[in-house]
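This report walks through a protein model for a reader who is new to looking at structures. Please keep the sequence and the 3D view open while reading.

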Amino acid sequence: MFTQQRKAGSGFGARSTADDVLAGIDLSGRTALVTGGYSGIGLETTLALSRAGAHVIVPARRPAEARNALPEAEVHALDLADLDSVRGFAADFLDTGRTLDIVINGAGIMACPETRVGPGWEAHFAVNHLGHFALVNRLRPALADGARVVSVASSGHFLSDVRWDDLHFRGTYDPWLAYAQSKTANALFAVHLAKLGLNAFAVHPGSILTPLQRHVPREEWLALGWITPDGAPAPGFKTPAQGAATAVWAATSPLLDGRAGAYCQDCDIAEPARTDDMLVGGVKPWAVDPESAARLWQVSAELTGLDLFS
Ligand SMILES: NC(=O)c1ccc[n+]([C@@H]2O[C@H](COP(=O)([O-])OP(=O)(O)OC[C@H]3O[C@@H](n4cnc5c(N)ncnc54)[C@H](OP(=O)(O)O)[C@@H]3O)[C@@H](O)[C@H]2O)c1
């Protein structure tokens with residue numbers, strides 16, 4: 001399962017920005033879709049892809065906010081917690097007859113209070129994983145030959161494999177384990193899409209202070225090592241532009257040809273994790289296990305009623 005977790009030698013690193021990675025790459029005529037592309041890492045992803053010439057579509061839970069942030073982007077309403085919304089967005093897109101060259105599944109929530117969506121699904125699993133599972137399935141007819149699909153996962157996956165016996169936390173709820181499970185699911189989603197023939201990759205963007213942390217009380221940030229005593233981002237944290245770099249690298253680098261399913265960080269393929277330090281990163285075995293990926297696909301297909309790749 002770790003066979004392809006070997007560095008590709010990109011020459012980029014933790015401090016590279018999305019613009020560094022895209023320098024000299026012309027995405028004119030290409031169409032990209034970036035979920036969550038109007039906040040934090042996703043906003044920088046959208047801006048960098050646009051500067052490189054791509055037409056970027058931003059599906060947004062809050063379209064008015066997205067249009068304010070990105071007056072020139074193509075914004076549509078999409079709530080990943082609502083499979084009818086996913087169906088409607090995808091149907092409208094398919095009706096246009098356009099194709100997608102890049103799909104970046106960047107939207108996400110982290111460490112939220114216990115929240116149920118749809119038929120009682122745990123919200124991290126539903127939004128971060130099942131919503132994107134449904135979206136990519138629905139958009140399948142629009143994926144161009146060779147299209148890249150990038151799951152924005154996280155080293156948060158270190159904290160939990162998929163909880164096969166309690167996916168929706170019917171027992172005790174833990175917001176960090178809920179986030180961790182969903183991020184393992186993001187990585188496994190890429191592994192199985194690759195098995196199905198897609199150029200799919202998962203990325204850990206790094207640690208970046210963004211609105212994602214809004215559910216964690218500010219007083220805890222110092223204890224968690226996110227900020228220094230004077231309130232600055234801790235050493236090792238990235239800027240949002242650096243955080244966007246690995247996703248755009250995974251979406252465009254020719255070094256990843258033939259390496260579909262790889263989990264990436266710092267603009268290269270990640271190596272197996274040698275420590276539990278999430279800031280150091282790497283990938284744990286359960287996040288790239290093909291059997292788990294196939295099992296998760298089956299479970300997700302049953303839950304959503306969608307399996308449009310077979
Ligand atoms: N920041 C980090 O340190 C870090 C580290 C590792 C991984 N990541 C991953 O990176 C991705 C982006 O995070 P970020 O830090 O840029 O966070 P962010 O600024 O909060 O952006 C997340 C985006 O997801 C959107 N979203 C949330 N729920 C949604 C839903 N139901 N339907 C549609 N869109 C929804 C948000 O929309 P609203 O603005 O409307 O809420 C927002 O645009 C996430 O997947 C996160 O897990 C982040």
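Predicted model: local features only at pLDDT ≥ 70, side-chain atom pairs only at ≥ 80, totals over all residues.

## A helix lying across the sheet

Several pairings can be followed one by one. Strand 1 (residues 31–35) and strand 2 (residues 55–60) are paired in the parallel sense over 3 bridges, and Thr-31 has His-55 in strand 2 as its bridge partner. Strand 7 and strand 8 also run parallel, joined by 5 bridges, and here Val-152 has Val-203 in strand 8 as its bridge partner. On to strand 9, strand 8 pairs in the parallel sense over 3 bridges, with Ala-202 standing opposite Tyr-263 in strand 9. Strand 8 has 5 of its 6 residues buried, so it is largely enclosed by the rest of the structure.

## Helix 4 beside helix 5

On the side of helix 4 the contact is made by Leu-83, Val-86, Arg-87, Phe-89, Ala-90, Phe-93 and Leu-94, while helix 5 contributes Leu-130, Gly-131, Ala-134, Leu-135, Arg-138 and Leu-139. Sorted by class, this contact has 10 nonpolar, 1 polar and 2 charged residues.

## Helix 10 and its two partners

Helix 10 (residues 290–304) packs with helix 6 at an angle of about 95°, and their axes are 8 Å apart; the two helices are therefore roughly perpendicular to each other. In this contact Ala-185, Leu-188, Phe-189, Val-191, His-192 and Leu-193 of helix 6 meet Pro-290, Ser-292, Ala-293, Ala-294, Leu-296 and Trp-297 of helix 10. By class, the contact has 10 nonpolar and 2 polar residues, and no charged ones.

Helix 10 also meets helix 5, where the axes come within 10 Å and cross at roughly 85°, so this pair too is roughly perpendicular. Phe-125, His-129, Leu-130, Phe-133 and Asn-137 in helix 5 meet Leu-296, Trp-297, Ser-300, Ala-301, Leu-303 and Thr-304 in helix 10. These residues divide into 7 nonpolar and 4 polar, with no charged residues.

## Residues in the loops

Ser-160 is found in the loop between strand 7 and helix 6 (175–195), and its relative accessible area of 8% makes it a buried residue. If residues up to four places away in sequence are not counted, Ser-160 touches Leu-177, Ala-180, Gln-181, Thr-184 and Trp-286. Ala-81, by comparison, lies in the loop between strand 3 and helix 4, and, leaving aside neighbours within four places in sequence, Ala-81 is in contact with Val-117, Gly-118 and Val-127. The C-alpha atoms of Ala-81 and Trp-121 are separated by 9.3 Å, although these residues are 40 residues apart along the chain.

Two further loop residues call for a look at the backbone. Most residues other than glycine have a negative phi. Ala-111, in the loop between strand 4 and strand 5 (116–117), has a positive phi of about 55° although it is not a glycine, and at 8% relative accessibility Ala-111 counts as buried. Asp-266, in the loop between strand 9 and strand 10, likewise is not a glycine and has a positive phi, of about 50°; with a relative accessible area of 24%, Asp-266 is partly exposed.

Key:
Residues numbered from 1 in each chain as written. Heavy atoms only, no water. Contact = heavy atoms within 4.5 Å. Helix = DSSP H or I, 4+ residues; strand = E, 2+ residues; numbered from the N terminus. Nonpolar A, V, L, I, M, F, W, Y, C, P; charged D, E, K, R; others polar. Pairing = 2+ DSSP bridges. Buried < 20%, exposed > 50% of the residue type's maximum accessible area, 1.4 Å probe, protein only. Axes fitted to C-alpha atoms, helices over the stretch in contact; angles between N-to-C directions. Parallel < 35°, antiparallel > 145°, perpendicular 65-115°, else oblique.
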